[in-house]
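I record below what I looked up, entry by entry.

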Amino acid sequence: MTSPTPLAGLRVLEFTHMIMGPSAGMALADLGAEVIKVEPAPAGDSTRRLTGSGTGFYAAFGRGRRSLCVDMKAPEGLALVQRLAARADVLVENFRPGAMAKLGLGYEDLAKVNPGLVYASCKGFLPGPYEHRTALDEVVQMMGGLAYMTGPTGRPLRAGSSVIDIMGGLSVTVAILSALRERESTGRGGHVQAGLFESVALLMSQHMAQAHMTGVEPPPMSTRLPAWPVYDIFDTADGGQVFVGVVTDTSWPIFCNAFGLEDMATDPTLATKNQRVEARARTIPRIAAALAAYTKAELMAKCEALGLPFAPIGRPAELFDDPHLNGSGGLVPMTLPDGRPIKLPALPVSIDGARPGGAGDLRPPGADGAAIAAELGYSEAEIAALRAAGVITGGV
């Protein structure tokens, strides 16, 4: 049986903040790697202390790490980190271009002492004319077309999650795993990178292809030309809303007969998908009226029984109690630094039926610094001296 922790035995050093880099570290940790998050002394990653819409960033993507808080401006702190890097399999960083090299922790520096190191850089842009620009998730959503395609015409709107940061982090994870596979045959690591801008460009590829093939730029999805006969949100009798899709020729008569629309099932002007798309102006009002007779729960139950695509209009907080996530191992139990329990989504994969990612406790800043130093061969006296000088902080 395949292990749900296939990366067990790999050591990963993580120099990251915010979301892109941490999402890669989370994925590697969930898959079994030992991930050591190197944080600035004394307080640790500033992402821990974000408020507002950033409040959940650290909790969402910081699980499963060991924490080393170290002052890398001190020669002793930099030496400790360099010793750690010499023994690592993977290093993940998402700082501005050149920042790691200035510390002597760039790829060229570390490859000399650890040629098997897979060095992963999470950047705003891959090498090219834009590579020195500062990028954020929202910046690339705007410039890459995602905000245009998301909002109403003339009102670009960012997506409702940090989708590009997360996609970029998972993309660099794919590159890391590819480099590790190649290392098995060559013995050498390498430098892999992922870019936010390139991530949003990939998401836009379907719209680019459509524009080229039709000669017409696609409008925002909020005002899109219908591609399906029924692909809409419908109001229910109890004030709820349910999305329902009827997209195939075989499902059309099943749907119509189930909801008292038998005449539409046999109407020759509605026999094909394209005919039904053209006729939406007259079919959708009748369909909406028929579905409005059901409560939200009744409509969802009927659609499920018929095998139709459907969805309630959910909110993020409702996922805590989602029966599928709770019943399939889709939520990882965690303990927040203040002691409160929480469950957050696991990686969206299973391995031989098992969901990767065990207990995902969020370690306090520097909780593992002394233990990590001891593993590197530092004596108790040397560790005490590092603590006294503020080179490593946190823990007990």
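**Entry 1.** Helices (H or I, at least four residues) and strands (E, at least two) are DSSP runs, numbered from the N terminus. I took contact to mean heavy atoms within 4.5 Å. Axes are lines fitted to C-alpha atoms, for helices over the stretch in contact, and angles run from 0 to 180 degrees between N-to-C directions.

**Basis.** I note that the model is predicted, that local features need pLDDT of at least 70 and side-chain atom pairs pLDDT 80 or more, while totals for chains, interfaces and linings use all residues. Residues are numbered from 1 along each chain as its sequence is written, and side-chain values use heavy atoms, with hydrogens and water left out.

**Entry 2.** Strand 8 (residues 241–246) is joined to strand 9 by three bridges, and F243 stands opposite A311 in strand 9. Two strands pair if DSSP finds at least two bridges between them.

**Entry 3.** I turned to the other sheet, in which seven strands are arranged in the order 6-5-4-1-2-3-12; this sheet is open and its pairing is mixed. Its edges are strand 6 (190–195) and strand 12 (392–393). Strand 4 (residues 90–93) and strand 5 (residues 118–123) run parallel and are joined by four bridges; V92 stands opposite A120 in strand 5.

**Entry 4.** Which strands does helix 3 lie across? I found strand 1, strand 2, strand 3 and strand 12, with the helix running at about 140° to strand 1. In helix 3 (residues 75–85), G77, L78, L80, V81, L84 and A85 are buried (under 20% relative accessible area, with a 1.4 Å probe and protein chains only). These residues cover an arc of only 155° around the axis, which puts them on the same side of helix 3; the arc is that of the directions from the helix axis to the C-beta atoms.

**Entry 5.** Last, I checked helix 6 (residues 137–144) and helix 8 (residues 163–186), whose axes come within 8 Å and cross at roughly 100°. The contact is made by D137, V140 and Q141 of helix 6 with V163, I164 and D165 of helix 8.

Note on methods: Buried means under 20% relative accessible area, exposed over 50%, partly exposed in between (1.4 Å probe, protein chains only).
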